[in-house]
Every structure is written in structure tokens, then in C-alpha cells.
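Here's a quick briefing to read alongside the model. Have the sequence and the 3D view open as you go.

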Amino acid sequence: MRMDTDQLIKTLAADNAHRPRPVGFVLALALLAAAPVSILMFMAELGVRPDVMTAMHNPFFDLKFAVTLALAAAAITISLHLARPEASLRGFVWLLAIPAGLLVAGISGEMMMPQRLPMMTRLVGNNSKVCMTAVPLMSLPLLAAALIGLRHGAPTRPALEGAMAGLLSAGLAATLYASHCTDDSPLFVATWYTLGAGLMTAIGALAGSRVLKF
Amino acid sequence: MREREDEWTGLMRSAISGDSAAYHRLLKAITPVLRAAARRGLARAGQPVDQSEDIVQEILLAVHLKRHTWDANAPFAPWLFAIARNKLIDALRRRGRRIFVNIDDFAETLPDAPAAETASATEVAAQLNSLPARQREVLQSIAVESASIKDTAKKFAMSEGAVRVALHRGLASLTTKLREP
């Protein structure tokens, strides 16, 4: 059997009725399917901290969620943009400055307040090891889902797109983790959350360069 | 140039809203441009230009399967050329590896590769044979015998929906198979 280009074109035109779903829809579906896995891991091993009702009155506790959610939202927006083949990063990278800026503002705010604990103690905290393990582990199902969702797109820079998938998975997993962790200092967040997110970004880039080519 | 690209954008908008004839016209219109680009790419990479048709078909398949990533408010040409460039680089890379192996193995029999004027594609055709029978039959009926979806459904005693599914799955798995080294 042969197929010349005119015949192929005829066949493609016959398939025009097939309407693929938008990438954003498929990504949302994949993330929603994976979220219960991460939430289950969280519930089984960590759980919400017992003093959450009082913690909510602490602005530094709330800031953690602002940072992680801003990170997830920025990474989702950039990854959907990069799912278009002609997309360039210009005009989009600054979105990542929002979570970074929130952290910097938090750190400066904390510096100006009288503190019970020295800076290094706040930075090292009590949960750095748990944080470094839990955030990447809870990210993994979300990263897999994000990669599946973004495969539906046409990213011409698969490693960069994979990095964004890693970053968005880390942002979502860190949001869960933040409700468990009793270390609320922005210094702790800037150190350990960032390390976890960095690790996921690297894993995402590596995986993306393999699976996101189209 | 400008005019041509505006026409493409218009045709693609009609295609997205369900006009298959406009889609057919658009694919016809972009093919010579893609062919010229593929030939240029092959020539620059020092590879026989008679393989251009395989690359053209790969680009067309990618355009088809990824057309939902085109933003209907944006011009069509930059999107098309981004897809084409990506596929061309990909194809040259794969061929580079293959030709490298060829040179090692058959250095003495490597011909000077005269550029064939009427290039024919072989890769899509070869992969067609590895598709499941139903998908292959449906593709053959529509591509080679120019049957409509309705006639194809009648011929194989399938529903039109089943023909559409087989057609789409066939095109999607063709694309996957072409990407395998």
C-alpha cells in the first residue's frame, strides 16, 4: 500500500471532524486525577498540623500558601504557554518573580520584627529533612500527571517545558506540605522549599526532554 | 507573502469551525512551501533531497494532530513554521544517525544520490502496513480509493462513528511509529 502526499492530505481533511481537547483541559484533568494520590500520601504520613486554627492568625503561616500557590499558578501559566510551538518565554518569565518577591517581602518583614530565635535557628528549623523528602515525594505523582497532560501540547523546547512541569508539581505539593510544617519562617521556606522545588525542576527537565518531544 | 499568510490564517479558522474543504485547501496550499523548506534543509545537511516528501508528510501529520495548540487569534504562519522547523530538525537528526551507520557499513556502494524530481514518500506507506487491519483498511479506503466516511462505513458494515475513530487512531499511531528510531 502506498500513500502519496495528496492522498495523505485527503485523509487528514477527512479527519477534520475530530476535535482534540485544549491542552489546559487535559492538563487539569490529569492533575485532578493525580491529586488524590498526593493527598493520600500527605494524610497517611504527615497530616495537617494540630494547631492549624491558631496558626492561621500568623501572617507568616499564611504567607507560605501565598508563595506556593503563586509558584504553582505561575508554572501552570508558563507551561500552558510553552505548549504552543511558536511560544517564546518573553513576557512570561516575570511570573516566577511573584512567588520570589513574596518570599523576599516575607524575609524583610520578619527581619524588622523582634525575634525569639536567632536567624540560623529559624532557617534550619525543625523539619528540614521531612520537608526535603516530603515535597519531592508528593510532587512525583503530580509531575507524572503534568507530563501526561503537556504531551497533548506541542512544546518545541521539551526540557524547559518539563522543568515547568516539575515546578508546578512542587508548588502544589509544597502547598500541601505547608499545612503540616510548623516552621513558618520565610527563611525556612526560602531554603528548604526552594531546594525541593529545584530538585523537581531538574527531574522535570530531564523527564521532559525525553517524553515531551512531539 | 503577507497576503498568502493571511489567507492561511483565514482558511485555518474556517477549518477549526468545521469546514473540511477549507482545511483541504489549506493543507494543499502549505505543502509546496513545506516541500521547499524540507529540500533546503536536506541539502544544507548534505543529505539527498529526494527524501523531502517523507519529511513533508511528517510535518503534515504533526500539523493535523497538534492543530488545537494553534491560537485562532494568532497568525497561522508562525505556528506552522515552528512545527515544521521542529519536525525538520528531528528528521535530519534521525537521518544523520542512519546515514552515519550506512556510511560505515556500505561505504563503497553509497551512490551519488541524484536528486529525483518527483520524490515519493516511503516511510508513511511502510508504517501503514504495521497498523491494525481495521485502521489500515479505513485509511486505504479514504486515502487511496477516495471513499467518503459514509461509503467507507457502508463498505465495512461499520458505523460512521467507528470509521471516524479508526481513521483518527490510524493517523495518530502512524505519527507515533514514524517517531520511533
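What follows goes from the chains to their contact, the core and a few helix pairs.

This is a predicted model, in which local features need pLDDT of at least 70 and side-chain atom pairs count only at pLDDT 80 or more, while totals for chains, interfaces and linings use all residues. Residues are numbered from 1 along each chain as its sequence is written, and chains are lettered from A and ligands numbered from 1 in the order in which they are written.

**The two chains**

- Chain A has nine helices and zero strands, where helices (H or I, at least four residues) and strands (E, at least two) are DSSP runs numbered from the N terminus.
- Along the sequence, chain A reads α-α-α-α-α-α-α-α-α.
- Chain B comes to eight helices and zero strands, running α-α-α-α-α-α-α-α from the N terminus.
- Of the 214 residues in chain A, 47% are buried; for chain B, 34% of the 181 residues are buried.
- Buried here means 20 or more other C-beta atoms within 10 Å of a residue's own, exposed means 12 or fewer, and partly exposed is in between, with C-beta atoms placed from the backbone.
- In chain A, 90% of the contacts with a separation of 6 or more are between residues 24 or more positions apart.
- For chain B, 62% of the contacts between residues at least 6 apart in sequence join residues at least 24 apart.
- Two residues count as in contact if their C-beta atoms, placed from the backbone, lie within 7 Å.

**Where the chains meet**

- The contact between the chains takes 39 residues from chain B and 28 residues from chain A.
- On the chain B side, α2 (20-44), α3 (52-65), α4 (76-106), α5 (123-128), α6 (133-143) and α8 (160-179) each supply at least two residues.
- By class, that side of chain B has 21 nonpolar, 13 polar and five charged residues.
- For these classes, Ala, Val, Leu, Ile, Met, Phe, Trp, Tyr, Cys and Pro are nonpolar, Asp, Glu, Lys and Arg are charged, and the others, Gly among them, are polar.
- The axes of α1 (residues 5-14) of chain A and α3(B) come within 10 Å and cross at roughly 5 degrees, so α1(A) and α3(B) are roughly parallel.
- Thr5(A), Leu8(A), Ile9(A) and Leu12(A) of α1(A) meet Glu53(B), Val56(B), Gln57(B), Leu60(B) and His64(B) of α3(B).
- The α1(A)–α3(B) contact splits into five nonpolar, three polar and one charged residue.
- Axes are lines fitted to C-alpha atoms, for helices over the stretch in contact, and angles run from 0 to 180 degrees between N-to-C directions.
- Angles under 35 degrees count as roughly parallel, over 145 as roughly antiparallel, 65 to 115 as roughly perpendicular and the rest as oblique.

**The largest nonpolar core**

- The largest nonpolar core has 105 residues, and Ala146(A) and Tyr177(A) touch the most other members.
- Helix α8 (residues 158-178) of chain A gives the most to this core, with 12 residues.
- Domain 1 (1-116) and domain 2 (122-181) of chain B both give residues to this core, so it lies between them.
- A nonpolar core is a set of buried Ala, Val, Leu, Ile, Met, Phe, Trp, Tyr and Cys residues joined through C-beta atoms within 7 Å.
- Leaving aside neighbours within four places in sequence, Ala146(A) contacts Leu27(A), Ala30(A), Leu31(A), Ala165(A), Leu168(A) and Ser169(A).

**Inside chain B**

- Chain B is split into domain 1 (1-116) and domain 2 (122-181), with bounds from an automatic or database domain assignment.
- Eight residues of domain 1 of chain B are in contact with nine residues of domain 2 of chain B.
- On the domain 1 side, α3(B) gives the most, with seven residues.
- α6(B) and α8(B) pack at about 95 degrees with their axes 8 Å apart, and are therefore roughly perpendicular.
- Residues in the α6(B)–α8(B) contact divide into six nonpolar, two polar and two charged.
- Leu178(B) sits in helix α8 of chain B and counts as buried because it has 20 C-beta neighbours inside 10 Å.
- Not counting residues up to four places away in sequence, Leu178(B) touches Glu58(B), Glu123(B) and Gln127(B).
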